[in-house]
Amino acid sequence: MAAAALDIPKPVSPTWRNFREALRRHPTAIIGALVLLAMILVAILAPWLGTVDPQAVAPVKRLKQPSGDFWFGSDMMGRDVYSRVVYGARVSLTIGLAVAFFSTLVGLAIGLVTGYIRWLDAIIMRVMDGLMSIPPVLLAIALMALTKASMQNVILAITLAETPRVVRLVRGLVLVLREEPYVTAAVAAGTRLPLILGRHVLPNIVAPLLVQATYVCASAMITEAILSFIGAGTPPNIPSWGNIMAEGRSMFGLANYLILFPGICLSLTVLAVNLLGDGLRDALDPRLARRM
Amino acid sequence: MAVVAFVVFLLLYLTPGDPAAILAGDAATSDDIRRIREKLGLDDPFHERFGQWLWRLAHGDLGTSIFTNLPVTQLIGQRIEPTLSLTFCTLVISVLVAVPLGVVAAARAGTWVDRAVMAISVGGFSIPVFVLAYVLIYTFSIELEWLPVQGYSPIREGVVQWARHLVLPSIALGTVYIALIARMTRAAMLDVLAQDYVRTAQAKGLAPGEVLIGHALKNAAVPIATVIGIGIALLIGGAIVTETVFALPGIGRLTVDAILRRDYPIIQGVVLMFSAAYVLINLAVDLSYMFFDPRIRY
């Protein structure tokens with residue numbers, strides 16, 4: 001009877017308790033999450049944020065300095081840079097999130113299989129080593145040079161360039177996990193392979209994979225900007241941050257705001273994603289947090 | 001490396017559009033195009049073309065540019081000096097800045113020095129190289145007029161001019177690299193500083209600097225060297241952009257021009273060359289482990 005009277009706290013799994021504590025200890029991660037959330041809101045609410053049509057050309061109002069009418073100025077075709085930057089958030093975030101999602105998914109699938117099925121491992125890892133020996137930006141450039149410029153192709157090219165690193169991470173984790181006693185126990189109990197992977201191996205991979213996904217997202221947004229900047233990215237008529245800056249390249253002396261504003265937005269967003277990733281890493285993996 | 005060659009060949013093979021039609025020009029008849037196709041062996045089956053391409057590659061022949069009709073090796077040779085200068089300067093500056101930063105951060109772990117270094121590191125990861133490049137150009141070249149805005153001056157025309165043209169590009173390109181190396185140096189140093197032999201060295205009264213450099217840094221060298229090697233991939237990707245911003249007539253410019261003109265043999269050659277350089281550098285890094293850690297044998 002006495003035991004029931006004791007104030008027993010609601011059971012909270014230790015992972016989540018550590019998670020919340022760590023978040024409290026890492027305010028930068030919260031700032032990162034807030035900035036990222038703000039950017040996503042900006043991207044979704046773009047039409048209602050005082051923007052005009054980002055494609056509307058107005059030759060009379062070319063290259064206006066930032067003012068009350070043109071908050072971020074206008075470009076050489078008289079388009080409103082503020083509207084273009086706000087709509088550009090959609091492109092950058094879509095590409096960053098899509099690449100993070102797809103390369104994590106594909107990397108997870110390939111990594112799980114190669115880590116667990118030994119004879120496949122040798123073949124697939126040779127292919128991955130080959131892909132990894134081509135610097136990712138260069139691989140994305142080469143792929144984009146071959147295909148038509150479109151959002152889908154940019155996502156595909158960057159995903160292909162980023163995936164091998166995810167595969168290697170997952171495979172490394174699986175190789176360690178498969179030696180764990182609980183996996184041996186599951187094998188001894190006659191558990192089928194999909195169940196072993198799904199129930200015993202996968203949950204232990206989620207945390208590092210999530211952290212990796214944030215870094216992939218940050219890296220993908222920068223790669224997209226680089227691709228667009230050198231003319232191998234999203235089609236020039238789509239107002240992505242990289243495209244706006246590419247147009248500003250030849251106008252730098254006259255209109256540095258063409259590079260300044262999208263540049264600030266891109267840096268801020270990438271910084272936010274990186275801060276979030278660092279915070280997640282510290283929260284989810286205290287052992288690693290001490291090291292990095 | 002074989003896989004790289006295969007992937008790179010596949011890239012060219014899957015090229016949309018007919019190179020023969022591009023070569024022949026607008027006024028060509030379909031007979032002309034067929035003749036060129038035969039001459040280039042474009043109708044041969046996949047494995048034969050791959051074999052031929054490998055054979056020529058083994059003899060140092062990367063093919064001919066579609067647009068200028070010059071051998072790709074020659075084009076790359078003409079443009080290699082600025083790229084080598086840029087990457088070499090960046091490498092030296094970055095290592096000289098990043099390793100001390102990382103060591104100091106680890107030695108003062110938890111203090112504001114440590115936090116400042118980590119903040120610089122996160123920031124360095126987040127600013128795209130060309131944004132930083134334009135900020136640098138604006139500040140140091142346009143406003144302060146200390147350094148040339150753009151362009152390149154070959155090293156044989158004077159080292160001072162050469163260096164003046166490379167300062168800003170190297171800083172812009174090196175920032176990500178510095179962030180990466182500093183972070184890894186700090187992590188590796190923290191690991192080593194927790195070891196018993198470091199405590200022993202401190203206990204027997206060695207100077208703190210001597211412990212830090214002689215005992216700790218030497219043992220942390222292997223992961224640091226690894227990340228320097230892997231980070232070369234960042235340098236190569238960044239060099240293409242940096243050369244575009246600073247108008248350096250290097251391989252990056254060649255690549256960007258080739259992309260705009262869809263000159264596939266050049267793209268193929270550049271990807272192959274950069275990847276080979278990347279693999280060789282990392283091989284050299286692997287071999288350097290033996291120097292840092294005599295226990296490692298191959």
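Visitor: Is Leu160(A) buried, exposed or partly exposed?

Guide: In this predicted model, Leu160(A) counts as partly exposed, because 18 other C-beta atoms lie within 10 Å, and a residue needs 20 or more to be called buried.

Visitor: Where does Leu160(A) sit, and which residues does it touch?

Guide: Leu160(A) belongs to helix 7 (residues 151-177) of chain A, and, leaving aside residues up to four places away in sequence, Leu160(A) touches Leu139(A) and Leu143(A).

Visitor: And how far is Leu160(A) from Arg171(A)?

Guide: Their C-alpha atoms are separated by 17 Å, with the two residues 11 apart along the chain.

Visitor: What about Leu97(A), buried or partly exposed?

Guide: Leu97(A), which is found in helix 4 (residues 81-116) of chain A, is partly exposed, since 17 other C-beta atoms lie within 10 Å of its own. The C-alpha atom of Leu97(A) is separated by 5.8 Å from that of Cys217(A), although these residues are 120 apart along the chain.

Visitor: Stepping back, how many helices and strands does chain A have?

Guide: Chain A has 13 helices and 0 strands, and buried residues make up 46% of its 292 residues. Of the contacts in chain A with a separation of 6 or more, 69% are accounted for by residues 24 or more positions apart.

Visitor: How many helices and strands are in chain B, then?

Guide: Chain B contains 12 helices and 0 strands, with buried residues making up 38% of its 298 residues. Among the contacts in chain B between residues at least 6 apart in sequence, 71% join residues at least 24 apart.

Visitor: Which residues touch the most other members of the largest nonpolar core?

Guide: This core has 150 residues, and the ones touching the most other members are Ala140(A), Ile141(A), Ile181(B) and Met189(B). Helix 8 (residues 159-193) of chain B contributes the largest share, 19 residues.

Visitor: What does Ile181(B) touch?

Guide: Not counting residues up to four places away in sequence, Ile181(B) touches a set of chain B residues, among them Val95(B), Ala98(B), Val99(B), Ile224(B), Val227(B) and Ile228(B). The glycines Gly102(B) and Gly231(B) are also touched by Ile181(B), as is Ser94(B).

Visitor: Back to chain A: which residues are buried in helix 3?

Guide: Ala29(A), Gly32(A) and Leu36(A) are buried there, and they lie on the same side of helix 3 of chain A because they cover an arc of only 60° around the axis. An α-helix has 3.6 residues a turn, so residues three or four places apart point the same way.

Visitor: Which exposed residues are on the face turned away from that buried side?

Guide: That face of helix 3 of chain A carries the exposed residues Pro27(A), Leu37(A) and Leu41(A). Helix 3 (residues 27-44) of chain A has 18 residues and reaches 26 Å from its first C-alpha to its last, close to the 26 Å expected at 1.5 Å a residue.

Visitor: What span should helix 12 of chain B have?

Guide: Its 29 residues, 264-292, should span 42 Å at 1.5 Å a residue, which agrees with its end C-alpha atoms being 42 Å apart. Buried residues in helix 12 of chain B include Tyr264(B), Ile267(B), Val271(B), Phe274(B) and Tyr278(B).

Visitor: How many buried residues does helix 9 of chain B have?

Guide: The count is 0 among the 8 residues of helix 9 (residues 196-203) of chain B, which is hardly covered. Just after this helix, Gly205(B) takes a positive phi of about 85°.

Visitor: Where is confidence lowest and highest in chain B?

Guide: The lowest is in helix 2 (residues 19-24) of chain B, at a mean pLDDT of 53, and the highest is in helix 5 (residues 72-107) of chain B, at 85. Chain B averages a pLDDT of 76, and 76% of the residues score at least 70, while the model scores ipTM 0.75 and pTM 0.79.

Conventions. Residues are numbered from 1 along each chain as its sequence is written. Chains are lettered from A and ligands numbered from 1 in the order in which they are written. This is a predicted model: local features need pLDDT of at least 70, side-chain atom pairs count only at pLDDT 80 or more; totals for chains, interfaces and linings use all residues. Helices (H or I, at least four residues) and strands (E, at least two) are DSSP runs, numbered from the N terminus. A residue is buried if 20 or more other C-beta atoms lie within 10 Å of its own, exposed if 12 or fewer, and partly exposed in between; C-beta atoms are placed from the backbone. Two residues are in contact if their C-beta atoms, placed from the backbone, lie within 7 Å. A nonpolar core is a set of buried Ala, Val, Leu, Ile, Met, Phe, Trp, Tyr and Cys residues joined through C-beta atoms within 7 Å. The expected span of a helix is 1.5 Å times one less than its number of residues. The arc is that of the directions from the helix axis to the C-beta atoms. pLDDT is the predictor's confidence in each residue, from 0 to 100.
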